[in-house]
Amino acid sequence: MHHFHYHNDELYCERVPLRELAARVGTPCYVYSHATLLHHFTVFDSAFEGVPHLTCFSVKANSNLAVLRLFGSLGGGVDIVSGGELYRARQAGIAPDKIVYSGVGKTLEEIDYALRENILMFNIESTQELEAINARAAAFGCRARIALRVNPDVDPNTHPYISTGMKKNKFGIEIDSAVKAYERARSLDHVEVVGVDCHIGSQLTEISPFVDALKRLRLLIEKLEAVGITIQYLDLGGGLGIVYDQEAPPEPREYARAILRELKGMHCTLIFEPGRVIVGNAGVLLARVLYTKRTQSKSFIITDTAMNDLIRPSLYGSYHQVQPLRRQSRESHIVDVVGPICESGDFIAKDRGLPMVESGDFLAVMSAGAYGFTMSSNYNSRPRAAEVLVKDDRYFVIRRRETWDDLIQCETIPAFLSSDKQ
Ligand code: LLP
């Protein structure tokens, strides 16, 4: 469900006609619907109503301060994977006791920052990290609350790049060595064992991998209890998929039902780290058609948006629907929608049936709210796109478009190159 719909053949976000917005703010431009964000967060969170839980939105999916602030105002916490994400979360007003910190490679500087902020817990991914966090907490004279991220070795049946809970992946501690790692953690003076964590992958469209992982975690928690280690928080990560094309992912309510069934008789507070399912379909990327061209073998729509703005199609072969902002009864053609970047991998859509468009027309790349802007870059020295939040009939620029000056602001030419001599 989302709030992007046609009215009199014009694509609207809530009550804002996107063509008007594109003309005013310019393109490329990410547009998020406040109503959709609110709805998705509430649907997910309320699926666990009555059960002690915390919904920690995964910042990597969409890290705009306004978006984080909205979820914070709804009682949400966040899942972070870097010092930068912690900084963003704190700037957005997320309370430290609602922040969980995952990631295989936390630096000492990042660990210190999170200890100073006194976050809810570190999800630790290796025994060396455990020792490092213990040592840093000792230096601060505090105890770090920790969970171990366990790798349950289940196949999430998703794209290999975003599958994270199999033995061959770099994430977490092997489930078979987990009890030993927990015993080591218990013996350390400056960590307090509070949780078990796992995250098996992203864009999952079936419930069974979640349930399989949970069964294994439950067994682990029982084993830990048997050796006197009590688990207060069970963090099940994120991963619920969305509809980009023809997928049929489970609704949050079905997901919740399956999880709660598996957890009967357990008394942990649940933590979830959803990203995509909350923001994915709440955002679109607007683009303007620059040129069209037809070669002997193909037709191309060349837009002002490119792989630097949305890398998902190039990186994972992901499907994003492409829709015209003004629907006209024009003949359909098979086209590639491409950007101006100097790589053949720079495409938004391939071999897609689309109504003919002309230079100056606008397009919307749908389902771009997750891992869209956050994965964007300045490749080809392209300033990053603007981000806009729509609420009812109003819109707010929540990140201005970068300028050419922004592109070079961190760079310096050393003096030896600055002389006039050639
Ligand atoms: N928690 C952890 C520890 C994660 O690594 C992730 C995502 C999440 C939660 C949120 O997962 P979600 O609910 O959004 O599936 N760039 C890729 C997705 C990478 C996901 C990485 N981890 C894409 O564009 O599809």
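Let's begin with lysine 60, which sits in the loop between β5 (53–58) and α3 (65–73). Helices here are DSSP runs of H or I with at least four residues, strands are runs of E with at least two, and both are numbered from the N terminus. Keep in mind that this is a predicted model: local features need pLDDT of at least 70, side-chain atom pairs count only at pLDDT 80 or more, and totals for chains, interfaces and linings use all residues. Residues are numbered from 1 along each chain as its sequence is written.

Why look at Lys60? The UniProt record, an unreviewed entry, annotates Lys60 as "modified residue: N6-(pyridoxal phosphate)lysine". UniProt positions are given in the numbering used here, feature names are shortened, and annotations may be inferred rather than shown by experiment. Is lysine 60 buried or exposed? Lysine 60 has 23 other C-beta atoms within 10 Å, so it is buried. (Buried means 20 or more other C-beta atoms within 10 Å of the residue's own, exposed means 12 or fewer, and partly exposed is in between, with C-beta atoms placed from the backbone.) Setting aside residues up to four places away in sequence, lysine 60 touches Val81, Glu85, Gly275 and Thr374; contact here means that the C-beta atoms, placed from the backbone, lie within 7 Å.

You'll find cysteine 342 in the loop between β17 (332–338) and β18 (347–355). Cysteine 342 counts as exposed because it has 9 C-beta neighbours inside 10 Å.

Now for a pair of helices. The axes of α8 (residues 208–226) and α9 (residues 252–262) come within 10 Å and cross at roughly 25°. (Axes are lines fitted to C-alpha atoms, for helices over the stretch in contact, and angles run from 0 to 180 degrees between N-to-C directions.) That angle makes α8 roughly parallel to α9; under 35 degrees counts as roughly parallel, over 145 as roughly antiparallel, 65 to 115 as roughly perpendicular, and the rest as oblique. On the α8 side, the contact is made by Phe210, Val211, Leu214, Lys215 and Arg218, and on the α9 side by Tyr255, Ala258, Ile259 and Glu262.

Follow the chain out of α8 and you come to isoleucine 231, in the loop between α8 and β12 (233–235). Isoleucine 231 is buried, with 21 other C-beta atoms within 10 Å. From C-alpha to C-alpha, isoleucine 231 and isoleucine 221 are 6.8 Å apart in space and 10 residues apart in sequence. Beyond its neighbours within four places in sequence, isoleucine 231 is in contact with Gly195, Val196, Ile221, Leu224 and Cys268.

Most residues other than glycine have a negative phi, and most peptide bonds are trans. A cis peptide bond, however, joins threonine 27 and proline 28, with omega at about -10°. Proline 28 is in the loop between α1 (18–25) and β4 (29–33). Serine 367 has a positive phi, near 55°, and lies in the loop between β19 (362–365) and β20 (386–391). Asparagine 380 is in the loop between β19 and β20 too, and its phi is also positive, near 65°. Serine 367 counts as buried, with 25 C-beta neighbours inside 10 Å, whereas asparagine 380 is partly exposed, with 14 other C-beta atoms within 10 Å.

How values were computed
Two residues are in contact if their C-beta atoms, placed from the backbone, lie within 7 Å.
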